[in-house]
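Please read them with the structure open.

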Amino acid sequence: MPDHHHNSEPHSCQYFAHSANGYGSWHPLTDHLGSVAELAGEFMQGHRAFEEARLAGLLHDLGKYGDLFQARLRGEVQGLDHWSQGAWFALQKRKAIAAALAIQGHHIGLQSLSKSELRRLEPKALASNHPLQLRLSEEDLAVLEGRLVEDGLTVPQPTTTALGTSIDSRIDHMLDVRMLFSALVDADFLDTEAHFEGAADGKRYRSPGLLIQSEKALPLLLDHIEKLQHQTQAATVVAEVRHALLEASLNAADHPPGLFSLTAPTGSGKTLAMLAFALKHAQQHGLRRIVVVIPYLSIIEQTASIYRSIFEPIFGEHYVLEHHSLSGRGEEKSAGDNEGEKGELSYAERQRRLLAENWDAPLIVTTSVQMLESLLSNRPSTCRKLHRLARSVILFDEVQTLPANLAVPTLATLSHLAHEYGSTVVFATATQPAFAHLHEAVQSHCVGGWQPREIVPEPIKLFTLLRRTEVRWENPGEGVTWAELSQSLREHAQAMCVVNLKRHAKEVWESMELSAIHLSTSLCPAHRRKVLDTVRERLKHRQQVHLIATQCVEAGVDIDFPVVYRAYAPMDAIIQAAGRCNREGKLAGFGEVRVFLPQDEAYPPGGYQQASQITRMLLRQHGVDGMRLDDPDFVTAYYRRLYDLNKPEAAARTKELLDFIKAGSFPDVARHYRLITQDAINIVVPYGECLDQFSALCDEADRKGLTVDWIHRARLLTVSLYRPKMDDALWDVLIPVKVVGRGDREQNEWFIYAIKEHYHPVLGLVPTGSLNNWIA
């Protein structure tokens, strides 16, 4: 971090970046520009754009040298643009295109990588017609440059820049702009925060994140794996496969950074084996952090708690960071400088920055939505973490089925991240998506294309060894009623049934005459953990247990039933459900998986139904004997159909997104690159077993409002759901958690549920009305 500077009173310095903090110290502009330049350069160290990042830091608030902006700090003027002048200077005088875009976007979000849009940054054009109806803090660039120089700052010419002279928009170029933007925004946020958190002796920077220390962390993980192997009751063949997978992962870690795939059957210990790969790989190649990306909210807390139990006793509580809010997505809509009446950073904006994670931790656990949508975002608070992905290992555990129109942009972005920023990207799954056939399509957007190195030399051998189930496919033309399904389930002492919707899970549970156990994301994580503990205990002691669950149980949840029923679904979901059947290989014969069609056939929104139809189509084509779920080649054929870019709908939607990329429109790309089309909100619920914690969180929310610490503690009692429509009665029972400060602002992402009776001891949060908008 830059040195702690003492912030002078306004009369001893002419130009300021920010008004007084709590100690009455103002923030000199020269100090802010110098510090942000130093930090931004540090964040891009080792990349060809590191000098350009320093340049962006020096120029990002150039407009604050304008007299009007200084008047703004005294509360005399409003509605100013102080960023466009620095952007124009970077573009015209230093030919630094990425820096210009980053400077322009550091309040209003990244805009457009196109000649015509960049020309609009010209001060005279903005003075006569500003797109946001703002006034420039100073129109004459020479005046601003003169004051910058008088303040003792010089503006160097970078020897190399992120884009060179190219204003040709492509996926890889857009990522280069976002990475530089990330370095600038994080540096700006950190230095501004240090000023406002400052004391009498000057700025106070937050403590830097811990180092990964992989040479110490890897032995801890290997010890943990060895203990599990000693405690396991798994069949010998299962233990052998797990050992073979770990060995293959450790051997592959010696390869240079790049793209990898890890194909291994469910229950083979992938999650820990790939972490072992990552730690050894980081140690061998000097990589800085590991990001574990998981498709489902429901298993993040399980994964993070395992990692904490291994590493926190040695490294402390900040070694593992969970980041999985589904909020703050889409494009940036701000159209101003986010500063208060007197030009100080508005309290709401300061809180937003404090709450925006910057991933300064050695081991991060996050969701596919958070990771991938951030990589294609244009928001300052969302992009601030992206520079941390350089020289990192990014593990995609159970790669979720990407919507077909997003496959090529996603793979091209990740490929460029690996090749240009020295990172390693691993796709690990039991159902390896067949992205290899997309190599040429990906290569047209980035040099590297998509040709990952396989970590396991011959994955088919592991699948053959670990064949533990037989799948019975019910006739998809004949739907079963819930009463028929319940009767069939009761024929088994221990059975799990996985359905596609929460509404279905509730109805099956009711048809079982309430004797079954229910699991879905209507339950908060603390409740889900208790349910899974109960299920495991009953399974272990061979007691009767019927679990009715949504697909939240499928990936990464370590349970082992002799019989599993699965509603028709995408092929990968059926394979995952089968992975919870005879998982430890302890049965004398095979476990039984039954795939059935509910009479009330319904699916979650998006591509889920289309993928389910492909499963049924393959069954019609190949017959029951041809549905070889343990054969990676057969599964590859399924994915080739799913990601058939020639299908009219997929082709049209892919073209729409690629057209926005070609046009260089960051806001349109952010708006249309959505893994989940609906936005979500977080609701802290009154789970009966944790009412003391719930009350404490409510009291603290009243007193202190929303803080990072409060969010971390609220996670265990949080249920996410799609944002209801404006006229939905649900809003009547949601209390927004305030952002405490001037005027106590409301935010629209975190809420407390007001009626305790709506949290059911088995079904979780069941508000009156429909269950359809609840995330499965």
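**Notes on the predicted model**

1. Start with the salt bridge between Arg 147 and Asp 67, whose closest N and O atoms are 2.9 Å apart. The pair links distant parts of the chain. Arg 147 sits in helix H8 (residues 141-150) and Asp 67 in helix H3 (residues 67-73), 80 residues apart. Asp 67 is partly exposed, at 46%. Keep in mind that this is a predicted model.

2. How many salt bridges does the model hold? The count comes to 34.

3. Next, helix H4, residues 84-94. Of its 11 residues, 9 are buried, so the rest of the structure largely encloses this helix. The buried set is Ser 84, Gln 85, Gly 86, Ala 87, Trp 88, Phe 89, Ala 90, Leu 91 and Arg 94. Lys 95 follows H4, and its phi is positive, near 50 degrees.

4. Now the open sheet of 7 strands. Its order is S7-S8-S6-S9-S10-S5-S11, and the pairing is parallel. Which strands lie at the edges? They are S7 (320-323) and S11 (453-454), each of which pairs on one side only. S11 pairs with S5 (residues 259-263) in the parallel sense, over 2 bridges. Ser 261 stands opposite Glu 454 of S11.

5. Helix H15 (residues 368-375) lies across S6, S7, S8 and S9. H15 runs at about 90 degrees to S8.

6. Arg 289 pairs with Asp 360, with closest N and O atoms 3.9 Å apart. Arg 289 lies in S6, while Asp 360 lies in the loop between helix H14 (347-355) and S8, so the pair ties together parts 71 residues apart in sequence. Arg 289 is buried, with a relative accessible area of 7%. Asp 360 counts as partly exposed, at 24%.

7. Glu 454 is partly exposed, with a relative accessible area of 29%. Which residues does Glu 454 contact, leaving aside neighbours within four places in sequence? They are Ser 261, Leu 262, Thr 263 and Pro 459. The Glu 454 side chain makes a polar contact of 3.0 Å with the side chain of Ser 261. A polar contact of 2.9 Å joins the side chains of Glu 454 and Thr 263. For a sense of span, take Glu 454 and Phe 69: they are 385 residues apart in sequence, and their C-alpha atoms are 56 Å apart in space.

8. Then the open sheet of 6 strands. The order is S12-S17-S16-S13-S15-S14, with parallel pairing. Its edge strands are S12 (469-473) and S14 (517-519), each pairing on one side only. The twist from one strand to the next averages 20 degrees. S12 and S17 (residues 591-596) pair in the parallel sense over 5 bridges. Trp 473 has Val 595 of S17 as its bridge partner. Arg 594 lies in S17 and Glu 474 in the loop between S12 and helix H20 (482-490), so the pair ties together parts 120 residues apart in sequence. Arg 594 is buried, at 13% relative accessible area. Glu 474 is partly exposed, at 24%.

9. Last, a network. Which residues are joined by salt bridges that share partners? Asp 186, Arg 289, Asp 360, Arg 384 and Arg 388 form one such network. The Arg 289 to Asp 360 pair of point 6 is a salt bridge, and both residues belong to this network.

Conventions: Residues are numbered from 1 along each chain as its sequence is written. This is a predicted model: local features need pLDDT of at least 70, side-chain atom pairs count only at pLDDT 80 or more; totals for chains, interfaces and linings use all residues. Side-chain values use heavy atoms; hydrogens and water are left out. Buried means under 20% relative accessible area, exposed over 50%, partly exposed in between (1.4 Å probe, protein chains only). Helices (H or I, at least four residues) and strands (E, at least two) are DSSP runs, numbered from the N terminus. Two strands pair if DSSP finds at least two bridges between them. Contact means heavy atoms within 4.5 Å. Axes are lines fitted to C-alpha atoms, for helices over the stretch in contact, and angles run from 0 to 180 degrees between N-to-C directions. A polar contact is a pair of N or O atoms within 3.5 Å; within protein, one must be able to donate a hydrogen and the other to accept it, and residues adjacent in sequence count only if both atoms are side-chain atoms. A salt bridge is a side-chain nitrogen of Lys or Arg within 4 Å of a carboxyl oxygen of Asp or Glu.
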